[in-house]
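Dear colleague,

Please find below the structure that I am handing over to you.

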Amino acid sequence: MVPDISTGGRTYGLLAYLYGPGRRDEHIDPHLVTAWMPELAPDPGRDRAATLKQLADALDLPVLAVREDRRPARHVWHCPVRTAPGDRYLTDSEWSEVARRIVHATGIAEYSDDKACRWAAVRHADDHIHIVATLKREDGRSPRRHQDGIRAQAECRKIEREWGLQILNEGDGTAAQRPTSAERAKAERTGRPEPARETLREHVRQALAGAADEDEFFHRLTEAGLRLEIRRAPSGDALGYKVALPGDRNRAGQPIWFPGSRLAPDLSLPQIRQRLQGGVSEDNLSSTEDFADRPAHARRAAMSAVEQAVTQIAGQDDASGAAHLVGVGTVLDAVAQTASTSSREELTKAARAFERATRSHIRAEHADHRALRAAARGIIHAGNALGRGEDGGTTAMLLSTLVLATIAAIRWHSARGHAQQAAAARQAAEHLRAAYRTAAATPMTVMHAHGRRLSTPQRDRYARAIEDALPERADSDHHGPGWDALVATLSEAEQAGYHVEVLLRQVVEWRELVTADNVPDVLVWRLRRIAHLPATPGLTPAATTHMTPPGTPQFTEAPTQATTTPHPKTDRARRPGYRR
């Protein structure tokens with residue numbers, strides 16, 4: 001059961017919509033289910049003698065009774081309450097009880113308060129009602145409705161438990177404000193795919209993902225084509241900012257501005273400054289420049305930071321875990337805006353979903369995710385990735401790692417009772433898996449073909465090595481595409497000079513495989529990552545500087561010629577996993 005509170009200034013206009021046919025003739029039998037005093041509230045839906053104006057005037061009477069300077073500009077309180085898909089049908093009598101409990105819980109009209117606000121509940125569909133109230137009590141005072149949204153949510157959770165309805169995830173007040181019904185209606189009327197608030201939120205997050213400091217953040221907002229207004233102190237220091245979409249204006253022709261704090265709690269200027277605290281180190285800035293026009297290189301470099309984040313999220317330091325969740329969200333924002341056309345839609349959905357998983361009441365230690373911010377900035381500065389070649393392969397490799405990060409996020413939030421954030425991380429993981437399947441299709445097809453061309457004795461030898469490393473996979477199908485890609489990767493690693501059995505043990509022991517959807521795929525990317533193989537066979541690896549996550553063997557590339565003289569500090573023959 002979902003309540004959604006907003007305020008407005010036109011009682012009659014809202015009632016006209018509720019009692020009207022709807023935008024697609026979806027309203028059926030509009031009528032009152034209850035009101036502040038049902039015997040005094042006219043019902044234009046069931047009483048032919050009653051009019052919308054009579055109902056609006058009755059509701060507005062306490063507001064009109066006070067002096068004009070004491071009337072709230074937005075005096076109409078509107079709260080639709082909707083059951084979840086799959087919930088049973090509720091009768092008018094049951095919806096009447098829901099409405100009375102909601103107005104009591106929110107402070108609009110508490111039980112036995114004969115001086116409370118006037119309100120009415122209108123039903124025009126099977127699965128929801130609309131509660132309309134005016135924000136002046138009969139005694140001329142304003143209602144005490146502090147945190148009415150949180151209180152309405154809490155009451156809905158009680159009703160769900162008592163009535164056997166689906167119990168939805170309880171919020172904690174850190175979610176971004178959802179678009180109002182008026183904003184959704186305007187988007188539909190003007191042909192926009194979504195309300196301006198959601199488009200602006202995404203643009204601001206993407207601008208932040210590529211910024212090293214506050215000035216660069218503002219510059220990236222204007223580069224994205226947004227209208228930007230910065231509020232400054234007499235000293236010239238920025239105090240706040242607001243953004244608007246070009247062409248999005250109100251009735252007076254003025255731009256409709258959204259301060260960052262109205263887009264999301266963590267997008268206010270003070271919160272952004274905390275996130276940018278400490279900046280990006282000079283080493284990270286210089287490496288960002290090295291990634292220019294090299295999307296595959298930037299993605300390989302980002303894997304190390306994401307892998308480290310998984311370790312930190314799984315640790316015991318809450319502040320560090322919260323910070324790394326924010327950092328993973330930043331990398332997702334960067335990957336989404338630079339993705340190839342084939343995977344961009346799913347990655348955008350993943351980034352939007354995971355945005356909810358980056359906020360909780362646990363204070364993040366933002367200095368802990370500098371490496372993730374630098375990785376995100378590198379991805380953005382490297383530009384858009386192609387959906388083929390090494391770009392496609394390294395994208396698949398990075399997405400496989402990001403799926404692991406979202407699983408860590410699900411566990412982190414679940415352990416701390418953050419139901420909404422855990423659900424958001426699950427949703428992000430599903431979109432990431434879909435994007436991964438698209439990105440991995442081509443490189444996996446190439447590896448599959450390479451694997452099928454290997455001789456039977458070679459395939460059997462690699463199969464025995466895999467079974468020794470993974471006894472639980474001994475009875476698995478050895479003829480699937482994932483298996484072929486795995487044996488092809490082992491063949492490449494062996495040709496590069498690595499000892500297959502030792503290498504396999506290292507990648508299996510690196511991290512657990514229980515949560516893996518496709519174990520052969522996971523092993524393929526771990527092998528190619530650790531052995532520094534190109535993400536797509538037959539290509540030169542994108543990265544010349546290889547980053548290895550903590551706790552993994554630091555393999556180096558094999559010599560290209562037998563006559564190569566090993567450096568005493570990097571004698572490969574002495575390293576585990578390298579064949580003598």
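**Findings**

H532 is located in the segment that follows α20 (519-530). Please note that the model is predicted. The phi angle of H532 is near 60°, which is a positive value in a residue other than glycine. With a relative accessible area of 4%, below the 20% limit for burial, H532 is buried.

A positive phi value is also found at S112, near 65°, and this residue is likewise not glycine. S112 belongs to the loop that runs between α3 (92-105) and β5 (117-123). Its relative accessibility is 82%; the limit for exposure is 50%, so S112 counts as exposed.

**The chain as a whole**

The chain has 580 residues, of which 54% count as buried. Its secondary structure consists of 20 helices and nine strands. Consider next the contacts between residues at least 6 apart in sequence: 71% of them join residues at least 24 apart.

A pair of packed helices is described by the angle between the axes and by the distance between them.

In the pair of α11 (residues 295-313) and α12 (residues 318-337), the helices pack at an angle of about 155°, and their axes are 9 Å apart. Angles over 145 degrees count as roughly antiparallel, and α11 and α12 are therefore roughly antiparallel to each other. Their crossing is left-handed. On the α11 side the contact involves R299, V306, A309, Q312 and I313, which meet S320, G321, H324, L325, V328, V331 and V335 of α12. By class, this contact of α11 with α12 comprises seven nonpolar residues, four polar residues and one charged residue.

The pair of α6 (residues 196-209) and α12 has an angle of about 105°, with the axes 9 Å apart. This angle falls in the range from 65 to 115 degrees, so α6 and α12 are roughly perpendicular to each other. R205, Q206 and A209 of α6 make the contact with T330, D333, A334 and Q337 of α12. The residues of the contact of α6 with α12 divide into two nonpolar, three polar and two charged.

**Aromatic pairs**

How many aromatic pairs does the count give? The count comes to three aromatic pairs. One of them is formed by F217 and Y241; the pair is edge-to-face, with 5.6 Å from centre to centre and 85° between the planes. F217 lies in helix α7 (residues 214-223) and Y241 in strand β8 (residues 238-244), so this pair ties together parts that are 24 residues apart in sequence. F217 and Y241 are both buried. Together with F218, these two residues form one aromatic cluster.

**Individual residues and their contacts**

R74 sits in the loop between α2 (52-64) and β4 (76-82). From C-alpha to C-alpha, R74 and T7 are 6.0 Å apart in space, while they are 67 residues apart in sequence.

T406 is part of helix α15 (residues 389-415). Is T406 buried or exposed? Its relative accessible area is 0%, and T406 is buried.

Q421 is part of helix α16 (residues 419-452). At 1% relative accessibility, where burial requires a value under 20%, Q421 counts as buried.

With kind regards

Technical notes:
Residues numbered from 1 in each chain as written. Predicted model: local features only at pLDDT ≥ 70, side-chain atom pairs only at ≥ 80, totals over all residues. Heavy atoms only, no water. Axes fitted to C-alpha atoms, helices over the stretch in contact; angles between N-to-C directions. Helix = DSSP H or I, 4+ residues; strand = E, 2+ residues; numbered from the N terminus. Parallel < 35°, antiparallel > 145°, perpendicular 65-115°, else oblique. Left-handed = near helix turned anticlockwise from the far one by under 90°. Contact = heavy atoms within 4.5 Å. Nonpolar A, V, L, I, M, F, W, Y, C, P; charged D, E, K, R; others polar. Phe/Tyr/Trp six-rings, centres within 6.5 Å; stacked < 30°, edge-to-face > 60°. Buried < 20%, exposed > 50% of the residue type's maximum accessible area, 1.4 Å probe, protein only.
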